[in-house]
Amino acid sequence: IGTGAFDECPNIGEFVVEEGNPNYESIDGALYSTSSPTPLYVPCAQTRMRIRDGVEVVDSTIIKNSSSLTAVYIPASVTSIVASAFSGCRDKVNLELSPDNTSYLMEDGLLYTADGKTLVFANASVDNPLIRRTAESIASSAFDRCVNIKTLDIPDSVKTIDWCACQDCTSLEKLTIARSVVSISSSAFSGCTALKEVTMPFVGVSRGLSYYSGDNMIERVFGRDVSSKIRILTVTDDTVLAKGALSACMSLEELVLPFVGAKPNDSSDNFLGYAFGAAKYADNAKSIPASLKHVAISNVTDIAAYAFFECGNLERVTLPEELTNISMWAFQDCKKLSRINIPEAVRHVGHDAFFNCSNLPQTNEIIFVDNCLLDRRLVNNAGYRIHEIVIPEGTRLIGDGVYGGGSDDKARSVLTI
């Protein structure tokens, strides 16, 4: 029987071989040569397949022309399953593992190598995967086309996520990748078109890549289409951000970063727009997504000058507890900013740090945020005719120039501390 003899016969349900034929046989409807454990043809309409005992390697030559398969039995003889083995199946299949197989183990619909260190395959039926904490890697295409998964947590035992590991998980909405992961291969989460919330240890394929590395871009892992739909992004402990690393994330509403700019407490490129492709702080406004409302910074001691300059749509900023300094003009012209915390450790707020942040709470034309008395030039540069200033109990900080430069010094008649 020649190669391709039945390729144009999509409605064949099974092959039946007459008893006594010395050359061919039928097993579970598939056609085999008696001289090889590999099937010649699996009917296009067949939904279940039992791989013949004796097969050691399952690859795409075993499962071919099988657009209707939903279940495949793996016998005890199989020692290797190639990542592309089931690429010829139209939909994701469910694997059934022989209890006598010593090369793999199956747990909650997830197939691992016998030592539990590599997650090889996830069944189509899996909807809430609990990955073993012995797993150190997720193999290529392991979760490919698992369309029932909505939430995926990669545990802190995992170190590597291979190429296309979770490709086309079209219902996946929330993804959490543990800090233990050191490598995420290209296109690992491409096609996850419902993804809205992501927590990951770094942006790109590995931590600490060069500023100019093309691999240090979020679309290398998710693809541009998926990246553009992410609403909430948390980056836990990256050490370097490339210019434009998040430029594909134009629907972000909430963003958590370990620092602002290219790297922690840097003396240059330390403005928010840098991650979105801005060449200078003056380009913040046109580079940062208009949808971005909340930014949290998790691990710095200094907010640099102009860091959030003209981030006009920001409504909330969360600063880290270890922060000690907010530099001049840091939040200038953040006109919609209404909530910001000043951590206990802060010892200095630079002049005009909150200039023209007109949506922050005000008292007697002096701004109080979290019991901190801030710069007098917060709202505008005009002088004030202040008749009374009361510094409340618990105030920790009096910012630069709070009492200087009023237009009428004689009008400042009462100061109560």
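**Strands, salt bridges and a pocket**

Val198 stands opposite Leu233 in strand 18. Keep in mind that this is a predicted model. Let me start with the strands around that pair.

Strand 17 and strand 18, residues 232-235, run parallel and are joined by four bridges. Strand 17 covers residues 197-200, and three bridges join it to strand 15, residues 174-177. That pairing is parallel too. Within it, Lys174 has Glu197 as its bridge partner.

Three strands make an open sheet in the order 21-23-25, with parallel pairing. Which strands stand at the edges? Strand 21, at 302-303, and strand 25, at 348-349. Each has a single partner strand, so one side of each has no neighbour in the sheet. Strand 23, residues 325-326, is joined to strand 25 by two bridges. There, Ile326 sits opposite Val349.

Now the salt bridges. How many are there in the whole structure? The search finds 11. I will take three of them.

One is Arg52 with Glu25, at 2.3 Å from N to O. This pair links distant parts of the chain, 27 residues apart. Arg52 is in the loop between strand 4 and strand 5, while Glu25 is in strand 1. Is Arg52 buried or exposed? Buried, because its relative accessible area is 18%, under the 20% cut-off. Glu25 has 25% relative accessibility, so it counts as partly exposed.

Another is Glu107 with Arg132. Their closest N and O atoms are 2.9 Å apart.

Then Asp283 with Lys280. Their side chains meet at 3.3 Å, N to O. Asp283 is buried, at 10% relative accessibility. Lys280 is partly exposed, at 46%. Lys286 comes in as well: salt bridges with shared partners join Lys280, Asp283 and Lys286 into one network.

How much space lies in the largest pocket? About 220 Å³. It is lined by 16 residues, and the closest to its centre are Ala83, Ser84, Ser140, Ser141 and Asp144. By class, the lining has eight nonpolar, five polar and three charged residues.

Key
Residues numbered from 1 in each chain as written. Predicted model: local features only at pLDDT ≥ 70, side-chain atom pairs only at ≥ 80, totals over all residues. Heavy atoms only, no water. Pairing = 2+ DSSP bridges. 1 Å grid on protein atoms, 1.4 Å probe; cavity = no way out; pocket = protein on both sides within 12 Å on 5 of 7 lines; lining within 4 Å. Points joined across faces, edges and corners; volume = space filled by probe spheres on them. Nonpolar A, V, L, I, M, F, W, Y, C, P; charged D, E, K, R; others polar. Salt bridge = Lys/Arg side-chain N within 4 Å of Asp/Glu carboxyl O. Buried < 20%, exposed > 50% of the residue type's maximum accessible area, 1.4 Å probe, protein only.
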